[in-house]
Amino acid sequence: MQTHSSHLQGLSDREAANRRAAGQGNDLPIQTSRTYSEILRDNLFTFINGAYFFLSLVLIALGRVSDVTVLAFVICLNVVTNVIQEIRAKKKLDKIALVTRPKASIIREGREREIDPSEIVVGDLLVVRPGDQIVVDGSVIGEGKIKVDESLLTGESDLIPKQAGDLLYSGSFCVSGIACYEAQKVGSESLASQMTSEARKFRKVLTPLQRQINLTIRLLLGVAILLGAIVTLRIILGVIPFTIGVQNIAVIVGLVPSGLYLMITLAYTFGAVRIANQSALVQQSNAVESISHVDTICLDKTGTLTTNRIHLQTVFPIDRERSKLESLLGDYAASVSTSNKTNDAIATAFPKPRRSLQTEVPFGSAHKWSAIAFSDEPGVYLLGAPEILGIAMPLSDDLHALIGEGAAQGLRVLLFAHSSAVTELQDEAGNPLLPTHLTPLGILYFGDELRPDAYQILAEFQQAGIQVKIISGDNPATVAALAKQAGLGDDIIAVSGQELAQMDDATFTQTAGEGTIFGRITPEQKARLVKSLQSRDRYVAMMGDGVNDVLSLKQANVGIAMESGSQATRGVADIVLLNDSFNALPKIFLEGQRIRNGVADINKLFMVRIFSFILTIVAIGMITLTFPFGIKTSTIVTFLTVGIPPFFVTLWAQPNKTEGRDGNSFLHFVLPATLSLSLASILVYLYFLADHLAPILDWLRGDIPLEALDRQISLADISRSRQIAEKGMVTMQIFGGLLLLPFLKPPTRFWVAGEPLCRDWRFTILAGVVFLFYVAIVAVPSIGNFFELYPLKPIYYWIIGAIALIWMLAVRWIWRQALLDRFLGIKISPF
């Protein structure tokens, strides 16, 4: 039951001014995110940059300035890119508050007015209605009763009834009813201030993909530390000179793929630009990746299939004159304290002056009806869902048929009824009580305006591999009819909230997965439907705009809100569609897939390069007791194989759905490529080393004495042989890394082995261009000498090319025959 509070006076303007002067105002200091100096410090002073800096100092002391140039370039490139990205994020956070500051309704000098929350002072009387956020802490006064959602504070989804004397906490919001409360804690003392302060702080939230890559990098860091310790021990024991040891450690540190973070940053930057062009605001950093995993989206009918504009088409009087029914409906619509679009449509059709009320139950999405009792007339009038009000009154078969026909046409059908006696409309806990012995007065038919682009939007969802489910508070038959008009399909399964309420957990979960339309659903059932879909391994996006959608938005993997939605809905959503641009949503899903696919592809290239380096270093070190890479040669391999290509892989990524396939695409691609490329690189190194150290092999076989060995080979010969072997191995690594590109994105069926057919020739052309770039580096003596890539004899390049061709055919055969699957005894191949 709800009464008005017009007798409350509130503070006077003078009293409010005095309290503000006394420091009792709701003055909230602007909380900014990190300063520019903090952003620079956090990106510059990292563990990896510290390791590189230490090595740079050592190399400078040793006179290796050119090596320092290469290391400095890597450090600066990462720092500058990350700083620019985070400064953009800082500027955005400084302009947009995570918790939107709404206008507050207060009572001063006996009149209600709207003010900015910053103008509230201690002792002010505030009015809250459904959808309003509690902006300061205080206690309820007067006769008003409301239900409050405190889930943002407690995590509990239950609605909490509040009446006189109960405390209201900022950060919660009103779901039903109207009440006044007195401001007691304002400014920095209020919970809203604390929440806003924490929300505006820059937060670096790792996405699932980032956490996976971060774990990989930490494992690689552990391997690098182990290898570095071995090299350090060799330096201490005098096995290798100090200078050579430091260079080896520099190469080992380079195994930690700091460049992978750079590529991920670029991928998300490209995605953010594209998503911004679709008029969408991403409020949570992980939403860009999360949305790429979505395979099920739950929509409300209103604002998605329809334009959120309704009109009263007609009314059907029951045992009374039409004019009298229309007059009663006009009185009803004009007198309710809290209106909605349905009530507005009635008021537009039948305008009447406001009448005084004795009692009222506002409409709630949980109970599906509203009621008022006029002060000058006995009885209670009710307006609500026919299946709910029908519990308290008999409806003839003819009336049931009229209701069903309207729903089948996609119309919203409501029942208007009357109870001759005014009874208690709320129980002791504040829950609405439906009166008994109702008399039907009329049936109302409302028409929803179907969005002109609804058919295209649903088709784009299907193209993206996303299943659509409509969860609405309206009649399931009405929603199903509109969904069919929008092209959702004829095999729609419609379920009502009443049917769901009778199901056990197992049946409920099964129905959630099989159903398409869910009507007359309560807010708790919405959240439960989302949770049930998630229990079936569905990645769920929930879209809503009303207060009744908050619980389900929080439960969903990705919450999406309309800009015109309630402030509470926008506050918990991950993505807000600016200008209510629902038609942009399918494009945003595709963009999310593009981002995820691009990052997944570059991750494969990085892992092949890193682990093939590690295996090559370990194997050659065990066989020859030497370190096969120099700083500059390892840098050029990295630049040509996972420096240039990943940038274009990210830029050219396509939004195809890769999830849901059997097997593990990552392991299927990376393991065979890594093992085979490592083996080929080791064989190339040993071949050239053995070819130029033939006298040593003759001595090992006993063909020549030790005295003759000294005359046939010198230390300079051994050093030159190692250089030739290293250049041959580096060339093999580059050839192999570039040949992975057409395997990663096969342009023809010949290349289909590790990944599905792409038919995109740009990646193959890119591999050819990078190869020509490598040829140019080797051909220009000054550049080649800088990177220590001294030219080999032409016959050597032909030999390496032949080995690379054999490797290419071998790894293709391994992929196609799924040899790794057979060896491990598990399904890894996605084909």
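1. Cavities. Searching the whole structure, a predicted model, turns up three cavities of 30 Å³ or more. A cavity here is a set of points, on a 1 Å grid over the protein atoms alone, where a 1.4 Å probe fits but cannot get out. Points are joined across faces, edges and corners, and the volume is the space filled by probe spheres set on them. The largest cavity comes to about 70 Å³.

2. Who lines the largest one? Leu605, Val608, Arg609, Thr641, Val642, Leu677, Gln733, Gly737 and Leu740 do, lining residues being those with an atom within 4 Å of a point. Helix H23 (585-624), helix H24 (631-642) and helix H29 (715-744) each give two or more residues to this lining. Helices (H or I, at least four residues) and strands (E, at least two) are DSSP runs, numbered from the N terminus. By type, the lining has five nonpolar residues, three polar and one charged; Ala, Val, Leu, Ile, Met, Phe, Trp, Tyr, Cys and Pro count as nonpolar, Asp, Glu, Lys and Arg as charged, and the others, Gly among them, as polar.

3. The eight-stranded sheet. This one is open, with mixed pairing and the order S8-S21-S20-S19-S9-S16-S18-S17. Strands count as paired if DSSP finds at least two bridges between them. S8 (280-282) and S17 (494-496) are the edge strands with a single partner each, so one side of each has no neighbour in the sheet. From one strand to the next the twist averages 20°.

4. Inside that sheet. S20 (residues 558-562) runs parallel to S21 (residues 575-577), with three bridges between them; Ala561 sits opposite Val576 of S21. Helix H19 (residues 505-514) lies across S16 (467-471), S17 and S18 (517-519), at about 115° to S16. Axes are lines fitted to C-alpha atoms, for helices over the stretch in contact, with angles from 0 to 180 degrees between N-to-C directions; contact means heavy atoms within 4.5 Å.

5. The S1-S2 hairpin. S1 (residues 104-108) and S2 run antiparallel, joined by five bridges, and Ser105 has Glu114 in S2 as its bridge partner. Two residues separate the strands, and Glu109 in the turn has a positive phi of about 55°.

6. Salt bridges. I'd note 17 in the structure, each a side-chain nitrogen of Lys or Arg within 4 Å of a carboxyl oxygen of Asp or Glu. One of them joins Arg113 and Asp13 (3.1 Å, N to O). Arg113 belongs to S2 (residues 111-115) and Asp13 to helix H1 (residues 13-21), so the pair ties together parts 100 residues apart in sequence.

7. Ground rules. Residues are numbered from 1 along each chain as its sequence is written, and side-chain values use heavy atoms, leaving out hydrogens and water. As the model is predicted, local features need pLDDT of at least 70 and side-chain atom pairs count only at pLDDT 80 or more, while totals for chains, interfaces and linings use all residues.

Conventions
1 Å grid on protein atoms, 1.4 Å probe; cavity = no way out; pocket = protein on both sides within 12 Å on 5 of 7 lines; lining within 4 Å.
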